[in-house]
Amino acid sequence: MMQNNYATPQAGSSMDNSDKQVLAKMVDSASAFHKVVAQPQTSVSIKDVTVSFKTPTGIYTAVKSIDLDIRKGEIVALIGHSGCGKSTLMNTISGMVKPSSGEVIANGKRVTGPGPDRGIVFQNYSLLPWLSVYRNIYEAVDSVMKDMCSAEKKDHVEQNLKMVHLYEHKDKLPGQLSGGMKQRVAIARAFAINPSILLLDEPFGALDALTKSNMHVELLKLWNLDNRNKTIIMVTHDIEEAIFLADRVVVMNNGPAATIKEIVDVPLERPRNKKEIVHDPLYMETHDKLLSLLLDKFSIEDEVE
Amino acid sequence: MPVLYFVGSILLLLGIWTLIAWGNRNPEATDLVERYPLPTPLMTLDVLSEIFANPFQNDPDVKGIGTKLIGSLMRVGIGFGLGSLIAIPLGLLLGSSKFMMSLINPIVQILRPVSPLAWYPLGLAVFSAAGGGDGLMNPSSKAAIFMIFICSLWPTLINTAFGVASIPQDHKNVGKAFGFSVWKYIIRILLPYSLPHIVTGLKLSIGVAWMVIVAGEMLSGGDGLGFFVWEEGFNAGKTTHIIVAILIIGIVGFILDKFFSSLQKAFSYDAK
Ligand SMILES: Nc1ncnc2c1ncn2[C@@H]1O[C@H](COP(=O)(O)OP(=O)(O)OP(=O)(O)O)[C@@H](O)[C@H]1O
Ligand SMILES: [Mg+2]
């Protein structure tokens with residue numbers, strides 16, 4: 001497998017690199033140019049984003065002053081309690097929600113609306129109920145992959161259906177699918193348009209443990225296939241999943257006006273082996289850290305009860 | 001089972017009808033027609049053979065009941081067809097543009113409550129001035145078509161606009177997130193979602209149109225069922241003919257409604 005040194009982001013490397021870059025600039029321009037190339041590009045940059053909703057009972061601020069830079073090729077997991085604003089934050093990246101203040105830059109451009117450079121798996125799947133499983137994916141591919149001929153498109157859709165093991169169900173309507181199957185269609189649809197940024201809002205939440213594991217592997221396969229150039233941002237409630245997949249885990253505070261509580265690096269080498277990493281002391285350390293970040297508020301409430 | 005209910009329902013209707021006819025009878029009269037101002041079902045059955053003797057006769061003076069039915073259906077078809085042709089695209093536009101909705105809605109709100117019959121004299125005045133024609137195309141028939149056209153606009157227009165305006169944000173987001181072109185958005189999201197609403201509108205419209213045509217043809221004369229009721233029923237003193245016409249109008253209306261109901265079923269994606 002081809003490995004680029006910048007395509008396997010290491011914990012904390014961005015800090016070092018930017019320091020080096022500044023240094024290099026001061027020393028000589030030729031080496032600065034070299035460093036800029038090797039420097040991981042920023043894929044998504046969330047700048048001081050606040051999102052407030054108008055509600056009948058007044059203005060509700062869901063997330064407040066969020067700053068987050070995500071490198072190209074990085075996998076970032078967002079965790080936090082239900083209702084803290086994870087989907088809201090994701091939606092500012094996808095362009096479904098406009099920040100009340102601040103801005104999001106994706107692929108070098110300010111996000112003003114959704115676009116096919118950011119593939120989305122919606123938390124509620126959002127399949128078109130009148131289109132078959134096949135057509136749901138085909139229409140997306142047809143819109144985005146403009147230079148494919150129709151036979152290639154068909155092939156591409158079928159390949160993606162096989163990846164999520166839904167080829168036999170391709171002619172069913174979404175109403176005839178189970179929750180997990182719908183979720184897999186949504187995943188196949190987002191993967192099929194080959195976006196440079198994948199936004200996954202609890203993409204595996206409705207799946208059983210085995211299917212979930214398979215999907216983790218498929219996700220990483222896809223990521224590897226593209227030389228780890230795809231940026232993946234996912235919301236999850238599952239700490240094990242976050243550690244297995246992500247380079248960094250962003251833990252959010254509870255709302256209203258949720259902020260980032262802490263960003264935890266996952267210091268595990270890739271490729272990660274699901275069975276083996278659980279015995280890795282680094283894994284256990286990260287797991288404990290995330291768990292206590294999520295639980296410390298609960299334990300107080302428990303005592304009160 | 002549904003057939004049994006249907007038969008039961010018909011028997012109930014015949015029973016009530018007989019009771020009322022009997023209650024209304026004039027015991028002194030010797031002549032059957034005079035004895036029953038409201039004819040009984042049996043008396044009505046008797047005239048059927050007369051009315052249906054030559055249904056598609058189409059001479060200048062004498063027209064069969066079938067010819068009249070076809071005349072009414074043609075007027076409804078043309079008026080409803082033209083109305084739908086305007087109402088559906090306009091409804092799609094109103095539903096997708098707040099600006100157009102705000103601009104056009106007051107017009108709709110003012111014109112919609114007007115009884116369709118009020119449009120008849122207006123149509124007649126305009127079409128008479130424009131000159132005559134034959135059969136369907138004579139001014140009074142055109143005025144009836146115009147009336148049908150107007151009254152079948154509103155339910156379709158309003159339902160279509162409502163359908164489009166209520167497309168869930170989720171579906172719109174799919175279009176945006178996956179870069180659908182405007183055309184693809186229209187044929188893959190907007191139309192499939194609003195189709196059931198459009199068909200509901202059409203169903204309501206055809207119902208109104210079929211009700212209104214009878215009244216319209218009483219005014220317009222000519223070769224329609226409405227005129228049959230008035231001229232050959234009331235003016236000729238043949239109450240049985242009025243009843244037969246009412247039954248025919250009812251049955252045809254029922255069939256039209258069933259037809260659009262089946263369309264409704266065919267176009268609703270969640271019923272499958
Ligand atoms: N359109 C909206 N209008 C008003 N309030 C909203 C809207 N969308 C989200 N909120 C509020 O913002 C907060 C965050 O919601 P969000 O969906 O982002 O939570 P979440 O972290 O994704 O939760 P979960 O894990 O349950 O999916 C919630 O309190 C929610 O009520
Ligand atoms: Mg959510």
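# Close-up views of a predicted two-chain model

**View 1. A salt bridge between Asp223(B) and Arg75(B).** In this predicted model, the side chains of Asp223(B) and Arg75(B) come together in a salt bridge, with 2.9 Å from N to O. Asp223(B) belongs to the loop between H10 and helix H11 (225-235) of chain B, while Arg75(B) belongs to helix H4 of chain B, so the pair ties together parts that are 148 residues apart in sequence. Asp223(B) is buried, with a relative accessible area of 17%, and Arg75(B), at 2% relative accessibility, likewise counts as buried.

**View 2. A salt bridge that crosses between chains A and B.** Glu139(A) forms a salt bridge with Arg188(B), and the closest N and O atoms of the two are 2.6 Å apart. The pair crosses between the chains, running from helix H4 of chain A, where Glu139(A) lies, to helix H10 (residues 182-220) of chain B, where Arg188(B) lies. Glu139(A) has 1% relative accessibility and counts as buried, whereas Arg188(B) is partly exposed, with a relative accessible area of 23%. Both residues also belong to a network of salt bridges, in which Arg135(A), Glu139(A), Asp142(A), Lys153(A), Lys184(B) and Arg188(B) are linked. Over all chains, the count comes to 18 salt bridges.

**View 3. A salt bridge between Lys170(A) and Asp171(A).** In chain A, the side chains of Asp171(A) and Lys170(A) meet in a salt bridge, at 3.9 Å from N to O. Asp171(A) counts as exposed, at 58% relative accessibility, while Lys170(A), at 19%, counts as buried, because the limit for a buried residue is a relative accessible area under 20%.

View 4. The magnesium ion, ligand 2, is coordinated by OG of Ser87(A) and OE1 of Gln123(A), at 1.9 to 2.2 Å. These two residues link distant parts of the chain, being 36 residues apart: Ser87(A) is in helix H3 (residues 86-94) of chain A, and Gln123(A) is in the loop between strand E6 (118-121) and helix H4 (133-144) of chain A. Ser87(A) is partly exposed, with a relative accessible area of 22%, and Gln123(A) also counts as partly exposed, at 39% relative accessibility.

View 5. The structure holds seven aromatic pairs over all chains. One of them is formed by Phe80(B) and Phe260(B), whose rings are edge-to-face, with 5.8 Å from centre to centre and 80 degrees between the planes. This pair links distant parts of the chain, as Phe80(B) lies in helix H4 (residues 65-96) of chain B and Phe260(B) in helix H12 (residues 239-267) of chain B, 180 residues apart. Both Phe80(B) and Phe260(B) are buried. Ring pairs also bring in Phe259(B), and they link Phe80(B), Phe259(B) and Phe260(B) into a cluster.

**View 6. The ring pair of Trp119(B) and Phe146(B).** The ring centres of Trp119(B) and Phe146(B) are 6.2 Å apart and their planes stand at 80 degrees, so the pair is edge-to-face. Trp119(B) is in helix H6 (residues 119-130) of chain B and Phe146(B) is in helix H7 (residues 139-151) of chain B, so the pair ties together parts that are 27 residues apart in sequence. Trp119(B) counts as buried, at 13% relative accessibility.

**View 7. Lysine side chains over aromatic rings.** In chain A, Lys162(A) lies over the face of Tyr167(A), at 4.7 Å from the ring centre. In chain B, the charged end of Lys184(B) sits over the ring of Phe180(B), at 6.0 Å from its centre. Lys184(B) is also one of the residues in the network of salt bridges that includes Glu139(A) and Arg188(B).

**View 8. A nonpolar patch on the surface of chain B.** Val3(B), Phe6(B), Val7(B), Ile10(B), Leu11(B), Leu14(B), Leu247(B), Ile251(B), Phe254(B) and Ile255(B) form a nonpolar patch on the surface, and together they have about 910 Å² of accessible area. Helix H1 (2-23) and H12 of chain B are the elements that give two or more residues to this patch, and H1(B) gives the most, with six residues. Val7(B), which has its place in helix H1 of chain B, is partly exposed, with a relative accessible area of 41%.

Note on methods. Residues are numbered from 1 along each chain as its sequence is written. Chains are lettered from A and ligands numbered from 1 in the order in which they are written. This is a predicted model: local features need pLDDT of at least 70, side-chain atom pairs count only at pLDDT 80 or more; totals for chains, interfaces and linings use all residues. Side-chain values use heavy atoms; hydrogens and water are left out. Donors are N, O and S atoms within 2.8 Å of the metal (3.2 Å for Na, K and Ca); water is not among the atoms, so sites may look incomplete. Helices (H or I, at least four residues) and strands (E, at least two) are DSSP runs, numbered from the N terminus. Buried means under 20% relative accessible area, exposed over 50%, partly exposed in between (1.4 Å probe, protein chains only). Rings of Phe, Tyr and Trp (its six-membered ring) pair if their centres lie within 6.5 Å; planes under 30 degrees apart count as stacked, over 60 as edge-to-face and the rest as tilted. A charge sits over a ring if NZ of Lys or CZ of Arg is within 6 Å of the ring centre and within 35 degrees of the ring normal. Patches are made of residues with over 30% relative accessible area and no salt bridge: like charges are joined within 9 Å, nonpolar side chains (Val, Leu, Ile, Met, Phe, Trp, Tyr) within 5 Å. Accessible areas come from the Shrake-Rupley method with a 1.4 Å probe; for residues, only the protein chains shown count as cover. A salt bridge is a side-chain nitrogen of Lys or Arg within 4 Å of a carboxyl oxygen of Asp or Glu.
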